[in-house]
Each structure stands twice: as C-alpha cells, then as structure tokens.
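Have the model open while you read.

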Amino acid sequence: MSSTPAIHALRRHGVPFAEHTYRYEAHGGTRVAALELGVPEHSVVKTLVMEDERRQPLVVLMHGDREVSTKALARAIGTKTVTPCRPEVAERHTGYLVGGTSPFGTRKPFPVYVERTILDLDTVYVNGGRRGFLVALAPQAFVDVLSATPVTVAATE
C-alpha cells in the first residue's frame with residue numbers, strides 16, 4: 001500500500017481504488033503507462049496543470065490519447081486564455097513532481113475540469129501521486145471528490 005497525499009485523500013473520501021505500478025519513463029507519458037499496464041491509453045487520464053490569463057491555476061483531466069484545445073477550454077470556462085504552467089510552477093501549485101501529478105491531494109485546491117467523455121468510462125487510471133504509480137477508480141470520483149466540472153475540450157484533428 002502506498003502513501004501519498006492522493007492516496008490519503010482517496011481514503012478520506014471513501015473512494016474505492018486499486019493501485020498499479022509501472023516502470024516510469026521520462027517523457028513516456030500515458031502511452032508507456034498504458035502499455036505497461038495493458039490497458040487502453042484512452043482510459044489513462046492525464047492531469048494537466050494550466051493557468052488563465054490572471055495566472056490562476058486550474059487542472060484539466062484529459063484522455064491519455066487526446067490533447068486539450070486551450071481555446072475551447074478558455075471559452076468553456078469564460079476566460080480569455082489558458083496556457084500550460086511551466087513545470088516548476090505546476091510543482092509549486094500541486095506539491096507533486098511533473099510526471100507524478102495527481103488531481104487528488106494537491107497542495108492547495110483549485111478548479112478542476114474533466115473532459116466529459118471520461119465520465120462515460122467504467123474505470124480510469126490516474127496518477128496516484130508519484131511517477132510510475134497509477135490508481136484505477138470510477139471516474140465519478142473526479143466529480144464527487146474534486147467537484148470537477150465536465151467540459152468538452154478535446155482537440156479535434
């Protein structure tokens with residue numbers, strides 16, 4: 001059993017989950033995690049730390065095999081622009097190392113947005129708070145625990 005702020009948060013909220021470890025590969029992303037665990041990359045959810053034009057942080061949860069349209073996200077949340085945070089800024093906001101960022105148990109709370117279609121899946125795999133460590137859970141936990149707002153912001157080709 002692992003002990004990270006994310007795991008503490010999930011336990012505190014009574015969320016059922018299963019722990020999965022894999023061989024972390026720098027810049028391997030969700031592709032490596034999906035291959036190592038033998039699950040579809042579409043069900044591996046990446047936690048992206050972004051900021052609006054006022055430099056206010058926010059988290060976007062996206063399918064591993066999709067990218068976020070920052071223009072669509074800005075429109076959806078009523079702000080002018082949204083850009084990814086620099087790694088050191090994301091780490092300062094969340095308390096997690098990039099590559100090990102979980103949406104659960106962050107250093108401080110901030111708005112969380114979840115790609116709407118993630119909520120249609122039975123089980124998703126999301127970072128558990130350190131590199132090479134995912135937790136499998138029902139995606140409804142994003143709404144129940146994080147008050148995540150569903151949005152449609154996956155980039156289209």
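What covers the buried residues of α3?

1. Among what covers them are β2 (44–52), β3 (57–63), β4 (82–84) and β5 (112–115), with contact meaning heavy atoms within 4.5 Å. Helices (H or I, at least four residues) and strands (E, at least two) are DSSP runs, numbered from the N terminus.

2. Before going on: this is a predicted model, where local features need pLDDT of at least 70, side-chain atom pairs count only at pLDDT 80 or more, and totals for chains, interfaces and linings use all residues. Residues are numbered from 1 along each chain as its sequence is written, and side-chain values use heavy atoms, leaving out hydrogens and water.

3. Helix α3 spans residues 70–77, and its buried residues are A72, L73 and A74 (buried is under 20% relative accessible area, 1.4 Å probe, protein chains only). After α3 comes G78, with a positive phi near 75 degrees.

4. The largest pocket holds about 840 Å³ of space. A pocket here is an open set of points on a 1 Å grid over the protein atoms alone, where a 1.4 Å probe fits, with protein on both sides within 12 Å along at least five of seven lines; lining residues have an atom within 4 Å of a point. Its lining has 33 residues, with K46, T47, L48, V98 and G99 closest to the centre.

5. β2 turns up again here: its 7 residues are the largest share of the lining of the largest pocket. α2 (29–37) and α4 (87–94) also give two or more residues each.

Technical notes: Buried means under 20% relative accessible area, exposed over 50%, partly exposed in between (1.4 Å probe, protein chains only). Grid points are joined across faces, edges and corners, and a volume is the space filled by probe spheres set on the points.
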